[in-house]
Amino acid sequence: MAIRKIREIGDPVLTKKCKEVTEITPRVQELIDDMFETLYEADGVGLAAPQVGILKRIVVIDVTGEDPILLINPKLMETSGEQEGYEGCLSVPGKSGKVTRPNYAKVMAYDENMNAFELEGTELLARAICHELDHLDGQLYVERVKGPLVDTTELMEEEEE
């Protein structure tokens with residue numbers, strides 16, 4: 001396993017649509033393992049393959065730090081409700097912006113054995129699912145921000161007050 005370099009805003013790979021995974025090869029398994037390691041090292045909530053330079057439809061998410069989720073070829077099946085909040089991204093370091101997302105999301109995906117499953121999430125998990133699936137289609141959250149991007153340290157200082 002290895003920690004991979006996270007691509008940052010301006011890198012053209014982040015604007016490209018990803019290809020579906022057709023089989024789990026040793027290289028794909030290594031990518032998945034590396035993505036989890038990279039996610040935890042960066043103290044993130046989610047990471048999509050294009051963020052490490054690979055145009056595959058693979059997402060890893062862990063909203064608690066103890067509940068890793070792997071989504072291969074995820075498809076958003078249903079959303080409902082609405083939540084607005086500050087969102088950040090490992091590919092847009094030090095910045096965050098206010099984004100409106102569904103409060104509920106249901107996704108169909110495949111696991112590491114290419115078995116189909118459904119995952120439902122609310123609040124932070126719903127936000128993370130939608131955010132990471134956007135990456136697979138070449139979109140960054142900054143395209144959805146209402147108002148200006150803010151420095152993350154300013155946001156933390158506001159929360160402490």
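What follows is a working chat about the fold, the packing and a few single residues of a predicted model.

Biologist: Let's begin with the sheet: how many strands form it, and in what order?

Modeller: In this predicted model, five strands form an open sheet, and their order is 1-2-3-6-7 with antiparallel pairing.

Biologist: Which strands stand at the edges?

Modeller: Those are strand 1, residues 46-48, and strand 7, residues 116-122; each has a single partner strand, so one side of each is left without a neighbour in the sheet. From one strand to the next, the twist averages 40°.

Biologist: And how many bridges join strand 2 to strand 3?

Modeller: Four bridges join strand 2, residues 58-61, to strand 3, residues 69-80, and the two run antiparallel. Within that pairing, valine 59 stands opposite leucine 71 in strand 3, while isoleucine 61 stands opposite isoleucine 69 in strand 3.

Biologist: Moving along, what about strand 3 and strand 6, how many bridges there?

Modeller: Strand 3 and strand 6 run antiparallel and are joined by six bridges. Leucine 76 has valine 107 as its bridge partner in strand 6, and serine 80 has tyrosine 104 as its bridge partner in strand 6.

Biologist: Is strand 6 largely enclosed or open?

Modeller: It is largely enclosed by the rest of the structure, because six of the seven residues of strand 6 are buried. On its pairing with strand 7, the two are antiparallel over seven bridges, and tyrosine 110 stands opposite alanine 116 in strand 7.

Biologist: Which residue takes a positive phi in the hairpin of strand 6 and strand 7?

Modeller: That is methionine 114, with a phi near 60°, in a hairpin that has five residues between the strands.

Biologist: How many aromatic pairs does a search of the whole structure find?

Modeller: The search finds one aromatic pair. Its members are phenylalanine 36 and tyrosine 40, which are stacked, with 6.3 Å centre to centre and 20° between the planes.

Biologist: Why are those two separated by about one helical turn?

Modeller: Phenylalanine 36 and tyrosine 40 are four residues apart in helix 1, so about one helical turn separates them.

Biologist: And are they buried or exposed?

Modeller: Phenylalanine 36 is buried, at a relative accessible area of 16%, whereas tyrosine 40 counts as partly exposed at 37% relative accessibility.

Biologist: What about the largest nonpolar core, which residues touch the most other members?

Modeller: The core has 17 residues, and those that touch the most other members are Val59, Ile61, Ile69, Leu71, Val107, Leu119 and Ile129. Strand 2, strand 3, strand 6 and helix 2 each supply at least two residues of this core, and the largest share, seven residues, comes from helix 2. Apart from it lies another core, of 14 residues, including Phe36, Ile58, Leu70 and Ile72.

Biologist: Take leucine 71, then: what is it in contact with, leaving aside neighbours within four places in sequence?

Modeller: With those neighbours left aside, leucine 71 is in contact with Arg57, Ile58, Val59, Ile61, Val107, Ala109, Tyr110, Phe117 and Leu119.

Biologist: Now a polar residue, glutamine 83: where does it lie, and is it buried or exposed?

Modeller: Glutamine 83 lies in strand 4, residues 83-89, and it is buried, with a relative accessible area of 16%. Its side chain reaches the backbone oxygen of glutamate 123 at 2.8 Å. Leaving aside neighbours within four places in sequence, the residues in contact with glutamine 83 include Val99, Pro102, Asn103, Glu123, Ala126 and Arg127.

Conventions: Residues numbered from 1 in each chain as written. Predicted model: local features only at pLDDT ≥ 70, side-chain atom pairs only at ≥ 80, totals over all residues. Heavy atoms only, no water. Pairing = 2+ DSSP bridges. Axes fitted to C-alpha atoms, helices over the stretch in contact; angles between N-to-C directions. Buried < 20%, exposed > 50% of the residue type's maximum accessible area, 1.4 Å probe, protein only. Phe/Tyr/Trp six-rings, centres within 6.5 Å; stacked < 30°, edge-to-face > 60°. Core = buried A, V, L, I, M, F, W, Y, C linked by side-chain atoms within 4.5 Å. Contact = heavy atoms within 4.5 Å. Polar contact = N/O pair within 3.5 Å; in protein donor to acceptor, adjacent residues only side chain to side chain.
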